[in-house]
Amino acid sequence: MAPHPGDNVHQATRTVLERFPAGSPRGSWPAEEFAADRRAAGEPAEVVMDLKTDTFLVIVKAVA
């Protein structure tokens with residue numbers, strides 16, 4: 001259900017830690033490996049695809 005005007009809704013923002021080209025011969029592996037290293041260091045990193053730039057992004061979400 002879509003929020004109504006005036007509802008107290010938290011909007012998620014993201015911080016991009018690193019970018020990896022989707023056309024890489026290894027695909028998303030470099031991004032996944034980088035995200036795994038960040039998670040091992042205690043940062044809740046995840047990989048998303050930016051379709052506009054054809055890039056894998058390693059991000060950390062924050063609630064604004």
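This is a predicted model: local features need pLDDT of at least 70, side-chain atom pairs count only at pLDDT 80 or more; totals for chains, interfaces and linings use all residues.
**Exercise 1. Overall architecture**

How many helices and strands are there in the chain?

*Solution.* Step 1. The chain contains one helix and three strands. Step 2. Read along the sequence, these elements follow the pattern β-α-β-β. Step 3. The mean pLDDT of the chain is 85, and 78% of its residues reach 70 or more. Step 4. Confidence is highest in α1, at 97, and lowest in β3, at a mean of 90. Step 5. Of the 64 residues of the chain, 20% count as buried. Step 6. Among contacts between residues at least 6 apart in sequence, 54% join residues at least 24 apart.

**Exercise 2. The two sides of the helix**

Determine the span of helix α1 and describe which residues of α1 are buried and which are exposed.

*Solution.* Step 1. Helix α1 covers residues 29–40, which amounts to 12 residues. Step 2. From its first C-alpha to its last, α1 reaches 16 Å, close to the 16 Å expected at 1.5 Å a residue. Step 3. Pro30, Ala31 and Ala35 are buried in α1. Step 4. These residues cover an arc of only 130° around the axis, and therefore lie on the same side of α1. Step 5. An α-helix has 3.6 residues a turn, so residues three or four places apart point the same way. Step 6. Trp29, Asp37 and Ala40 are exposed on the other side of α1. Step 7. After the helix comes glycine 42, with a positive phi near 95°.

**Exercise 3. The aromatic pair**

Identify the one aromatic pair of the structure and classify its geometry.

*Solution.* Step 1. The structure holds one aromatic pair. Step 2. Its members are phenylalanine 20 and phenylalanine 34, whose ring centres are 5.9 Å apart. Step 3. The planes of the two rings stand at 55°, so the pair is tilted; the edge-to-face class would require planes over 60 degrees apart. Step 4. The pair links distant parts of the chain, with phenylalanine 20 in strand β1 (residues 12–21) and phenylalanine 34 in helix α1, 14 residues apart. Step 5. Phenylalanine 20 has a relative accessible area of 16% and is buried, whereas phenylalanine 34, at 25%, is partly exposed.

**Exercise 4. The nonpolar core**

Which residues make up the largest nonpolar core, and which elements give two or more residues to this core?

*Solution.* Step 1. The core has eight residues in all: Phe20, Ala22, Ala31, Ala35, Ala45, Phe56, Val58 and Val60. Step 2. The elements that give two or more residues to this core are α1 and β3. Step 3. β3 supplies the largest share, three residues. Step 4. Leaving aside residues up to four places away in sequence, alanine 31 touches Phe20, Val47, Phe56 and Val58.

Notes
Residues are numbered from 1 along each chain as its sequence is written. Side-chain values use heavy atoms; hydrogens and water are left out. Helices (H or I, at least four residues) and strands (E, at least two) are DSSP runs, numbered from the N terminus. The expected span of a helix is 1.5 Å times one less than its number of residues. Buried means under 20% relative accessible area, exposed over 50%, partly exposed in between (1.4 Å probe, protein chains only). The arc is that of the directions from the helix axis to the C-beta atoms. Rings of Phe, Tyr and Trp (its six-membered ring) pair if their centres lie within 6.5 Å; planes under 30 degrees apart count as stacked, over 60 as edge-to-face and the rest as tilted. A nonpolar core is a set of buried Ala, Val, Leu, Ile, Met, Phe, Trp, Tyr and Cys residues joined through side-chain atoms within 4.5 Å. Contact means heavy atoms within 4.5 Å. pLDDT is the predictor's confidence in each residue, from 0 to 100.
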